[in-house]
Amino acid sequence: MKQLFRHLAAALLLLVSGCSQFRGSISPELRSLGFRTAELRGEQCILTATNGSTLTLTPGSTRTLFNGTVVHLPEPALRDENGVYTVTPLSLRQTVEPLLRRRTDNAGPVKRVLLDPGHGGAELGAVGKKYQEKAINLALASAVKLELEKRGYTVLMTRTKDQAVSLDRRGRLTGEVAADLFLSIHHNASSSNPNATGIETYALTPGGAASTSGGALGGTLAANRFDAASINLAERIQTRLVRATGGVDRGTKYARFRVLTLAECPAVLIEAGFISTPAEEEAIASAARQRKAAAAIADGVAVYDAWVRRNALR
């Protein structure tokens, strides 16, 4: 009889909480943002907000899916002993809430974009079997410039030819030319994985957090006043780049690249593919792939800009 009562009590608790063996519990902090339902798929929990956005959490991992696109949190997601899923206050404040509410704090409408083709001159960047990164960076940046200009933006570049430009000079140019956005264009390489492939887009690591690839917490660094805008810009570009090129989604990530720390506007660094993988090297060097990637990056900027303008009217 006691065992029967225990089973009845457990069933009643599930009924009252609105959960089943296929549903997870959401923390009050996530509920306060508008997340209402949580579906379990193995260890993962798929949260759905009232605005239709979804967030997939994996306990112990920074890797999430926001509306189907990979986004890395500053700190791993959590699940407590009662099965309640949540994220840390830092991840909530710096990533989840800005993306969910499309916050673009302190950012103005986009009129002038500064493009930064990485490397140049004696700095080759990564080197593939046929191509040097510096050349592919410049080719893609030039294609992005054309696409942005088609959409009515004024576009400047940190370099327009094969020349060396210091990292400090690249970042500080944002203030000198009064740029509204800074996009640093790069291509990736891996010395340990000859088959590495995919696309990733970086925003500046928030103060108090480690970068996605690890390293110091940066506790003495204050949050950048464009943190919310930059993570939204990065996610918008990453989503469209992956969709347009069919590349592997390595995610929106955080890093303290020198050019991002010095930028005086929302800023991201794009790794548009792996030059160290022969098949992907051929793809990223092709004009067809560069046109697709350039249009996707420009579309990401335009969608981001539309949200900035919408937020200004609120």
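Q: What makes the lining of the largest pocket in this predicted model polar, charged or nonpolar by class?
A: The residues of that lining divide into 4 nonpolar, 5 polar and 6 charged. Asp, Glu, Lys and Arg are the residue types that count as charged, and Gly is among those that count as polar.

Q: Which residues and elements line the largest pocket, and what is the volume of this pocket?
A: The largest pocket has a volume of about 190 Å³. Its lining comprises 15 residues, and His 119, Leu 167, His 186, Phe 257 and Leu 269 are the closest to its centre. Two or more lining residues come from each of helix H5 (167-176), strand S11 (181-188), helix H7 (258-262) and strand S14 (267-274). S11 gives the most, with 3 residues.

Q: How many spaces count as a cavity of 30 Å³ or more, and what is the volume of the largest cavity?
A: The count comes to 1 cavity of 30 Å³ or more. The largest cavity has a volume of about 50 Å³. A cavity is a space where a 1.4 Å probe fits but cannot get out, whereas a pocket is open.

Q: What makes up the lining of the largest cavity by class?
A: There are 6 nonpolar, 2 polar and 1 charged residues. The lining includes Leu 204, Phe 226, Leu 260 and Cys 265, and also Asn 224, Ser 230 and Asp 227. Asp counts as charged, so Asp 227 belongs to the charged class.

Q: Why are strand S1 and strand S7 said to stand at the edges of their sheet?
A: The sheet is open, with 3 strands in the order S1-S8-S7 and mixed pairing. Strand S1 (25-26) and strand S7 (78-79) each have a single partner strand, so one side of each is left without a neighbour in the sheet.

Q: How do you know that S1 and strand S8 pair?
A: Pairing requires at least two bridges between the strands. S1 and S8 (residues 84-86) have 2 bridges, in the parallel sense. Ser 25 stands opposite Val 84 in S8.

Q: Why is the contact between Glu 43 and Arg 79 called a salt bridge?
A: The cut-off is 4 Å between a side-chain nitrogen of Lys or Arg and a carboxyl oxygen of Asp or Glu. For Glu 43 and Arg 79 the N to O distance is 2.9 Å, so the pair qualifies. Glu 43 lies in the loop between strand S2 (35-41) and strand S3 (44-49) and Arg 79 in strand S7, so the pair ties together parts that are 36 residues apart in sequence. In total, the count comes to 19 salt bridges.

Q: Why is Lys 130 called exposed but Glu 282 partly exposed?
A: Exposed means over 50% relative accessible area, and buried means under 20%. Lys 130 has 59%, so the term exposed applies. Glu 282 has 35%, which falls in between, so this residue counts as partly exposed. The two residues form a salt bridge, with their closest N and O atoms 2.7 Å apart. This pair links helix H8 (residues 278-285), which holds Glu 282, to the loop between strand S9 (112-117) and helix H4 (133-150), which holds Lys 130.

Q: What makes Lys 134 buried or exposed?
A: The relative accessible area of Lys 134 is 9%, under the 20% limit, so Lys 134 is buried. Its salt-bridge partner is Asp 162, at 2.9 Å from N to O. Asp 162 has 47% relative accessibility and counts as partly exposed.

Note on methods: Residues are numbered from 1 along each chain as its sequence is written. This is a predicted model: local features need pLDDT of at least 70, side-chain atom pairs count only at pLDDT 80 or more; totals for chains, interfaces and linings use all residues. Side-chain values use heavy atoms; hydrogens and water are left out. On a 1 Å grid over the protein atoms alone, a cavity is a set of points where a 1.4 Å probe fits but cannot get out, and a pocket is an open set with protein on both sides within 12 Å along at least five of seven lines; lining residues have an atom within 4 Å of a point. Grid points are joined across faces, edges and corners, and a volume is the space filled by probe spheres set on the points. Helices (H or I, at least four residues) and strands (E, at least two) are DSSP runs, numbered from the N terminus. Buried means under 20% relative accessible area, exposed over 50%, partly exposed in between (1.4 Å probe, protein chains only).
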